[in-house]
Structures are given as structure tokens and as C-alpha cells.
Amino acid sequence: MRTSFLILSLIIAILAVIFALSNPGYVTLRFGPYQTEQSTALVVLVSFALGVLVGILATIPGRIKRARELRQLRKQLSSAGSETSSSSGLGSMTENPYG
């Protein structure tokens with residue numbers, strides 16, 4: 001799944017670059033009182049990069065939450081495992097029978 005996602009991402013990035021380079025004209029950008037004229041290729045590539053960055057930033061809270069939950073579940077599992085092994089007498093089973 002991860003490999004197919006990376007391949008799809010690479011294909012989309014290549015298509016964005018091809019599209020940008022196929023449009024060599026200039027475009028006027030206006031933002032409030034500011035105005036500038038830039039290459040269409042540059043505008044498309046910067047917009048694409050900003051979109052990727054915003055997408056990555058949008059996933060960070062979910063990743064942090066999942067990492068925290070995973071850490072908590074591992075802690076619970078290790079504490080439950082240590083309680084089970086100490087109460088059931090598994091400690092004697094793990095000793096070397098030949099020694």
C-alpha cells in the first residue's frame with residue numbers, strides 16, 4: 001500500500017512539472033495592495049508544493065494521536081504481560097532445563 005502511494009505521488013508530481021513547463025507564459029498575481037508578474041510554471045509548482053505541505057501538516061495531529069495511543073497500548077500490554085507471567089508461574093518455564 002505504501003509503495004503504491006509513493007508511486008502515485010511521484011506520478012502526480014511529474015504531471016505537475018510537465019504541466020508547469022508546458023505553460024511558459026506569465027501571470028499577474030494580486031494579493032491586496034501587492035501585485036507581481038511571475039512565470040506560470042513557477043506559480044503552478046509553488047502552489048503544488050504548498051498544497052503538499054498543507055496536506056502533510058493536516059495529518060500531523062492524527063499521527064500524534066495515534067502514536068500516543070499506540071504508546072499507551074504498548075505500555076498496558078507490557079504491564080499486563082508482566083503481571084500474567086509473574087502470577088502464572090511462567091518464570092520457571094523460561095529457565096534452562098539443562099542447567
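Which residues form a nonpolar patch on the surface, and about how much accessible area do they have together?

Modeller: Happy to! Please keep in mind that this is a predicted model. The nonpolar patch on the surface is formed by Leu8, Ile12, Leu42, Val46, Phe48, Leu50, Val52, Leu53, Ile56, Leu57, Ile60 and Ile64, and together they have about 1000 Å² of accessible area. Two elements each give two or more residues to this patch: α1, which covers residues 2–22, and α2, which covers residues 40–88. Of these, α2 gives the most, with 10 residues.

Let us pick one member and look at it. Leu53 is one of the residues of the patch, and its place is in helix α2. Is Leu53 buried, exposed or something in between? Its relative accessible area is 44%, so Leu53 counts as partly exposed, because that class lies between the buried limit of under 20% and the exposed limit of over 50%.

Now let your eye move to the largest pocket, which holds about 230 Å³ of space. Its lining is made up of Arg2, Phe5, Leu6, Gly55, Ile56, Thr59 and Arg63. Look for Ile56 in particular: this residue lines the pocket and also belongs to the nonpolar patch.

The protein has 2 helices and 2 strands, and along the sequence they follow the pattern α-β-β-α. The strand β2 spans residues 34–39, and Ser39 lies in it. Leaving aside residues up to four places away in sequence, Ser39 touches Gly25 and Tyr26. Asn23 is 16 residues from Ser39 in sequence, and their C-alpha atoms are 8.5 Å apart in space.

Buried residues make up 3% of the 99 residues in the protein. The accessible surface comes to about 8800 Å², and carbon and sulfur atoms account for 67% of it. As for contacts between residues at least 6 apart in sequence, 27% join residues at least 24 apart.

Terms used: Residues are numbered from 1 along each chain as its sequence is written. This is a predicted model: local features need pLDDT of at least 70, side-chain atom pairs count only at pLDDT 80 or more; totals for chains, interfaces and linings use all residues. Side-chain values use heavy atoms; hydrogens and water are left out. Helices (H or I, at least four residues) and strands (E, at least two) are DSSP runs, numbered from the N terminus. Buried means under 20% relative accessible area, exposed over 50%, partly exposed in between (1.4 Å probe, protein chains only). Contact means heavy atoms within 4.5 Å. Accessible areas come from the Shrake-Rupley method with a 1.4 Å probe; for residues, only the protein chains shown count as cover. Patches are made of residues with over 30% relative accessible area and no salt bridge: like charges are joined within 9 Å, nonpolar side chains (Val, Leu, Ile, Met, Phe, Trp, Tyr) within 5 Å. A salt bridge is a side-chain nitrogen of Lys or Arg within 4 Å of a carboxyl oxygen of Asp or Glu. On a 1 Å grid over the protein atoms alone, a cavity is a set of points where a 1.4 Å probe fits but cannot get out, and a pocket is an open set with protein on both sides within 12 Å along at least five of seven lines; lining residues have an atom within 4 Å of a point. Grid points are joined across faces, edges and corners, and a volume is the space filled by probe spheres set on the points.
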